[in-house]
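Here's a quick tour of a helical packing problem and some charged pairs. Have the viewer open and follow along.

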Amino acid sequence: MPKAKGKSRRHKYSYNLNRKRLYRSARRRAAPRIACSHIRQAWDPTKSVVQNLAEMGLAGDPNKAVPISKKKLRGMETESNEQDQGQKLVRKPYVLNEMEYEASLPEKKSNTLSRDLIDYVKYMIQNHGENYKEMARDEKNYYQDTPKQIKRKINVYKNFYPEEYKDFVASLKQEKMEVQ
């Protein structure tokens with residue numbers, strides 16, 4: 001089968017093409033990606049990134065915003081002079097206030113355990129109680145967990161669902177009382 005035309009030819013490097021300029025212009029055209037909705041709403045595309053952040057009361061460069069001087073390391077001497085220099089005009093303080101409010105809200109716990117793990121733990125507690133060595137030898141221990149691994153899984157279940165665990169243990173005690 002014949003080769004495609006031009007594949008065997010040597011490619012020539014173009015020395016006259018300025019690749020740095022092409023790269024810079026492509027970077028300049030790309031708009032910054034803004035994750036926070038408050039910043040996105042207050043963003044002014046006609047201004048630079050540093051100017052936009054300064055108007056919102058945010059730092060463009062964290063090293064310049066909170067400098068660690070050698071004087072500070074030796075001893076706290078001129079604090080008032082440094083504080084006066086750091087204060088700038090904040091035209092959009094609502095952005096900072098909204099971000100602080102969002103950060104102060106408590107985080108929801110969205111972690112849950114799988115249904116399989118919950119069923120496994122309930123089965124083990126129901127049949128073996130607190131005997132972890134017996135649980136490790138059980139035929140439903142498909143993954144061949146050691147007694148310590150099973151104990152850890154049970155503790156995770158206790159921490160995630162403390163009320164459900166207490167109710168489950170109480171129901172097991174009632175069943176034992178009814179049997180006897």
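## Ground rules

The model is a predicted one: local features need pLDDT of at least 70, side-chain atom pairs count only at pLDDT 80 or more, and totals for chains, interfaces and linings use all residues. Residues are numbered from 1 along each chain as its sequence is written, and side-chain values use heavy atoms, leaving out hydrogens and water.

Helices are DSSP runs (H or I, at least four residues), numbered from the N terminus.

## Helix α3 and its buried face

Helix α3 spans residues 49-56, and its buried residues are N52, L53, E55 and M56. Buried here means under 20% relative accessible area, exposed means over 50%, and partly exposed is in between (1.4 Å probe, protein chains only). Looking down the axis of α3, those buried residues fall within an arc of 160°, so they line one face of the helix; the arc is that of the directions from the helix axis to the C-beta atoms. After α3 comes G57, with a positive phi near 85°.

## Salt bridges around E55

Searching the whole structure turns up 6 salt bridges, each defined as a side-chain nitrogen of Lys or Arg within 4 Å of a carboxyl oxygen of Asp or Glu. E55 pairs with K47, their closest N and O atoms 2.4 Å apart. E55 is buried at 8% relative accessible area, while K47 is partly exposed at 28%.

E55 also bridges to K92, at 3.6 Å between the closest N and O atoms. That pair joins distant parts of the chain: E55 sits in helix α3 and K92 in the loop between α6 (79-86) and α7, 37 residues apart. Both E55 and K92 are buried.

## Where α10 meets α11

Helix α10 (residues 147-160) packs against helix α11 (residues 162-179) at about 110°, with axes 5 Å apart. Axes are lines fitted to C-alpha atoms over the stretch in contact, and angles run from 0 to 180 degrees between N-to-C directions. The two helices are therefore roughly perpendicular, the label for 65 to 115 degrees. On the α10 side, Y157, K158, N159 and F160 meet P162, E164 and Y165 of α11.

E164 has another partner: K122, in a salt bridge at 3.4 Å, N to O. K122 lies in helix α8 (residues 115-128), 42 residues from E164.

Notes
Angles under 35 degrees count as roughly parallel, over 145 as roughly antiparallel, 65 to 115 as roughly perpendicular and the rest as oblique. Contact means heavy atoms within 4.5 Å.
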